[in-house]
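Work through the exercises below with the sequence and the model at hand. Each task is followed by a solution in steps.

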Amino acid sequence: MSAGKSGNLYHLFESRFPADPAARFLTLMDGPRQGVWYNYADMASISARFAHAMMALGVKRGDRVAVQVEKSAENLFLYLATLRMGAVYLPLNTAYQKGEVSYFLEDAAPTLFVCRPEDEAGMKALAVQCGVPAVATLGIAADGSLADMTIDLPHDFETVALGEDELAAILYTSGTTGRSKGAMTSHGNLASNALTLHQLWGFVPGDVLLHALPIFHVHGLFVATNTTLLNGGHMLFLSKFDADRVVELLPQASVLMGVPTFYTRLLSHPGFTRDLVAHMRLFISGSAPLLADTHTEFFARTGHAILERYGMTEAGMITSNPLNGDRVPGTVGFPLPGVSLRIADEKGALLGTDTIGQIEIKGPNLFKGYWNKPEKTAEDMRADGFFITGDVGKVDARGYVHIVGRAKDLVICGGFNVYPKEIETVLDAIDGVVESAVIGLPHPDFGEAVAAVIQKKPGRDDVTEASIIAHVKGELANFKVPKRVWFVDELPRNQMGKVQKAALREQHKGAFAG
Ligand code: AMP
């Protein structure tokens, strides 16, 4: 297979590199190496050297490379090197502890595990126990044993020509119920999604992306990085989101991709003004629901309508609000070109417009199945190749998709299906409420009962459990009225900004006992 015909994602990137290899790819904007930058020639040569180093450590085409390191430019080059050699990139959330890491190492059986230099001793012992043949380290100062190995290695590497169905990555789902599963993603999956988004979101030469997301997840690793690479563009790289730093850097950027908490934090920053972002081309949000209030407040403050999109580990991006056209608050827009989306009941019967049901999808973005779990893959697939996403939602008369929540968050109270989002929408609209999370808790009479956890505005002592319950009673059927309400300073969220309802259910599970 020649490179021209190769389905290797890196070959696609290469075909879009800027004509001038001295063009900037990435500049570090914080940390010990703040100000250091890399051009496209650097990226190609460093990723080549990482590929040689991994070959020396025994990594071959099709082998998994597990990686748990802090965000850095070299971390991205390692991802690209893995693509170039036809190995399978397996990033791990930096928050995972040893017990969790050992599950991934045993399940995925990588040939190489790359960890943080400071974790080396403990992780080496763990890797031996899990039968992982090689361990190397990579730090945030371009340091660590893997980086050291690359120093004398060749700057050229012949990227392996691959079929587009070959695996590029395995990303483990966040696993809020049961053990997490490894979603197998092919080069073709990533290429189709990146090409679609690059076009749909109107990337133009000269776009500069402010990158403040983690790179162990689809959003920061694939959506942000792959579209930038297809654009031959430049990223301003922050190790994490920091509102002060983002406000300082926005004048140099044209696109920001974020999770909803980025936007709520920016809105509470005094320096975040209309003038600051007048030049911006696009603000994109995803990975968790963006409150309609946040969308509206952001528009009022800046004149920019945040473009909300929806995706998941198993499929990359699935829907997006339009670049040109109405970006409707509280919706995730239309299915991407080439992606089919339908709403069905539990048995798979199709449901009509505005009817809530399970979201099922199919398209070139859809993953190849769960690693080592063919029975789980089969369970989530319809006979005609549609994937049951586990999300519940509807499509309105204009074709906009609305997400109502995860199927597993559905509350069944006295035999009635209760969609938390319906109640959350009522709660969030109450004066004095910032945001709410509705959960179902075991109840001796009803099976499950509805309860709410609420973040209220500071100083609103008038907002009480009784006042909330009284308000909802006037708006919704009795079985949807929360039986208990708790107030918190902030809702618990994971690193992608998702409210952790499983944690809330666990915390309050005994509330209706006896
Ligand atoms: P993950 O696989 O960790 O990326 O999580 C994917 C899940 O996040 C989806 O299945 C949805 O439940 C949720 N999600 C992603 N984007 C959105 C969005 N814009 N609005 C609501 N939920 C979202």
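Arg 342 and Glu 360 are both buried, where buried means under 20% relative accessible area, exposed over 50%, and partly exposed in between (1.4 Å probe, protein chains only). The model is predicted: local features need pLDDT of at least 70, side-chain atom pairs count only at pLDDT 80 or more, and totals for chains, interfaces and linings use all residues. Residues are numbered from 1 along each chain as its sequence is written, and side-chain values use heavy atoms, with hydrogens and water left out.

**Exercise 1.** Determine how the side chains of Arg 342 and Glu 360 meet, and which strands hold the two residues.

Solution. 
Step 1. The two side chains form a salt bridge, 2.9 Å from N to O; the term means a side-chain nitrogen of Lys or Arg within 4 Å of a carboxyl oxygen of Asp or Glu.
Step 2. Arg 342 belongs to strand β16 (residues 340-344) and Glu 360 to strand β17 (residues 357-362), so the pair ties together parts 18 residues apart in sequence. Helices (H or I, at least four residues) and strands (E, at least two) are DSSP runs, numbered from the N terminus.
Step 3. A network of salt bridges links Arg 342 and Glu 360 with Arg 382 and Asp 384. The structure holds 26 salt bridges.

**Exercise 2.** Describe the salt bridge of Lys 124 with Glu 120 and the exposure of each residue.

Solution. 
Step 1. The closest N and O atoms of this salt bridge are 3.2 Å apart.
Step 2. Lys 124 and Glu 120 are separated by about one helical turn, because they stand 4 residues apart in helix α5 (residues 120-129).
Step 3. Lys 124 is partly exposed at 38% relative accessible area, and Glu 120 is partly exposed at 28%.

**Exercise 3.** Arg 309 is buried; find the nearest side chain of opposite charge and the polar contact that Arg 309 makes.

Solution. 
Step 1. Arg 309 is located in strand β13 (residues 307-312).
Step 2. Arg 309 has no salt bridge, and Glu 308, the nearest side chain of opposite charge, is 7.4 Å away. Here Lys and Arg count as positive and Asp and Glu as negative; His and the chain ends are not counted.
Step 3. The side chain of Arg 309 makes a polar contact with that of His 219 at 3.4 Å. A polar contact is a pair of N or O atoms within 3.5 Å; within protein, one must be able to donate a hydrogen and the other to accept it, and residues adjacent in sequence count only if both atoms are side-chain atoms.

**Exercise 4.** At what angle do helices α1 and α3 cross, and which residues meet?

Solution. 
Step 1. The axes of α1 (residues 9-16) and α3 (residues 73-84) come within 8 Å and cross at roughly 115°. Axes are lines fitted to C-alpha atoms, for helices over the stretch in contact, and angles run from 0 to 180 degrees between N-to-C directions.
Step 2. The two helices α1 and α3 are therefore roughly perpendicular. Angles under 35 degrees count as roughly parallel, over 145 as roughly antiparallel, 65 to 115 as roughly perpendicular and the rest as oblique.
Step 3. Leu 9, Tyr 10 and Phe 13 of α1 meet Tyr 79, Leu 80, Leu 83 and Arg 84 of α3.

Key: Contact = heavy atoms within 4.5 Å.
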